[in-house]
Amino acid sequence: MKILALKVDVDTLRGHREGVLNLLNLFDRLSLKASFFFSMGPDNSGKAIVRIFRKGFLGKMLRTKAPSTYGLKTLFYGTLIKAPMIAQSFPGLLKETARRGHDFGIHAWDHVKWQDRIHKLPVTTIEADLRRAFDLFYQYTGHQPRSFAAPGWQVSQDALLVLDSMRLRYTSNTRGLFPYVPRWGRKAFSTLEIPTTLPTMDELLGRRGLKGEEMARHLASLLKEGLNVFTLHAEMEGLSQIGVFESFLRSAMDQGAKCVPLSFVADQIPRDELPRCEIGIGTVEGRAGTLAVQATEA
């Protein structure tokens, strides 16, 4: 059977305020469940401008029409406009996600800070930021977070150490092929890692002429037997590309694919049979810079 696990990253205030509800309504119409990962603290999207010096970043911004996708105002948050607090602005959406029966966890406290600086942050800062996010999540939902997905697939050994200490059900921090237990150098960790296996829509959009229904068909053609993990963004698939995303989901279901949250995957995997794999640093076509990737079995 083809399994399509749906992972929703919520990066910005606009994605939280508008995209999440659109996706919840879409999933209701299709009778599907997904995993939502919320950025809990400030929206510092404007500070991401420093990525313009990374090879491929400007091209990606132009291909994905970032100003219209994210909203022009969002591109100035944290610079010309004071960074708004994401979860605190609309806390009811976390409860609504839980009420509708979806899996949900933490994406970050400060998305841009994690994505751009995680390899430089001291472990005390990582721990403090995660604790703030976890505490606020509990305050708004009454549930302790049991999962985490790293912004931009960026992790460090220190970050993994902190996450491991939180005894999570699973993480989704890397790009790869199948679930595993990670290693980083000589350090072995214990938390199940469920990597993203499929390219994202923003990596494909505009490349080789892919857009609209053609992109939906292309994504559906990439589904293989067994587990497929697709990461979507509340700012893209929940807003400007929601029609394309719905077409992709319908095509997947027409193939007989079962759409599930990542928690379903975590529940089905025998832990004693999981391979132990190294986390490495690599690249993905259509995405600027480097990111964490599943490497060889260790």
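Which side chain of opposite charge is nearest to the buried Asp164, and how far away is it? In this predicted model, the answer is Lys187, at 5.9 Å. Asp164 has no salt bridge, although it is buried. A salt bridge would need a side-chain nitrogen of Lys or Arg within 4 Å of a carboxyl oxygen.

Look at what does surround this residue. Asp164 belongs to helix α8, which covers residues 157-165. A polar atom of the Asp164 side chain lies 3.1 Å from the backbone nitrogen of Ser190. Beyond its neighbours within four places in sequence, Asp164 is in contact with Phe189, Ser190 and Thr191.

Now follow the chain on either side of α8. Trp153 sits in the loop between β4 (147-148) and α8. Its phi is positive, about 55°, although Trp153 is not a glycine. Most residues other than glycine have a negative phi. Trp153 is buried, with a relative accessible area of 2%. Arg167 lies in the loop between α8 and β5 (170-171). Arg167 also has a positive phi, near 50°. Is Arg167 buried or exposed? Arg167 is exposed, at 70% relative accessibility.

Next comes Ile194, in the loop between β7 (187-188) and α9. Ile194 is buried, with a relative accessible area of 0%. Its contacts, leaving aside neighbours within four places in sequence, are Tyr170, Thr171, Ser172, Val229, Leu262, Val265 and Ala266. Ile194 and Phe148 are 46 residues apart in sequence. Their C-alpha atoms are 10 Å apart in space.

Turn to the helices. In α5 (residues 92-99), the buried residues are Leu93, Leu94, Glu96 and Thr97. They cover an arc of only 160° around the axis, so they sit on the same side of α5. The face turned away from that buried side carries Lys95 and Arg99, both exposed. What covers the buried residues of α5? The cover includes α1 (13-30), β2 (35-39), α4 (86-89), β3 (103-108) and α7 (123-141). Just after α5, Gly101 takes a positive phi of about 85°.

An α-helix has 3.6 residues a turn, so residues three or four places apart point the same way.

Finally, consider the nonpolar interior. In soluble globular proteins, nonpolar side chains tend to be buried together. The largest nonpolar core in this model has 67 residues. Those with the most contacts inside it are Leu4, Leu6, Phe27, Phe36, Met40, Phe245 and Leu249. Helix α7 gives the largest share of this core, seven residues. Leu249 touches Leu4, Leu6, Leu26, Phe27, Leu30, Leu32 and Cys259, not counting residues up to four places away in sequence.

Conventions:
Residues are numbered from 1 along each chain as its sequence is written. This is a predicted model: local features need pLDDT of at least 70, side-chain atom pairs count only at pLDDT 80 or more; totals for chains, interfaces and linings use all residues. Side-chain values use heavy atoms; hydrogens and water are left out. Helices (H or I, at least four residues) and strands (E, at least two) are DSSP runs, numbered from the N terminus. Buried means under 20% relative accessible area, exposed over 50%, partly exposed in between (1.4 Å probe, protein chains only). Lys and Arg count as positive and Asp and Glu as negative; His and the chain ends are not counted. A polar contact is a pair of N or O atoms within 3.5 Å; within protein, one must be able to donate a hydrogen and the other to accept it, and residues adjacent in sequence count only if both atoms are side-chain atoms. Contact means heavy atoms within 4.5 Å. The arc is that of the directions from the helix axis to the C-beta atoms. A nonpolar core is a set of buried Ala, Val, Leu, Ile, Met, Phe, Trp, Tyr and Cys residues joined through side-chain atoms within 4.5 Å.
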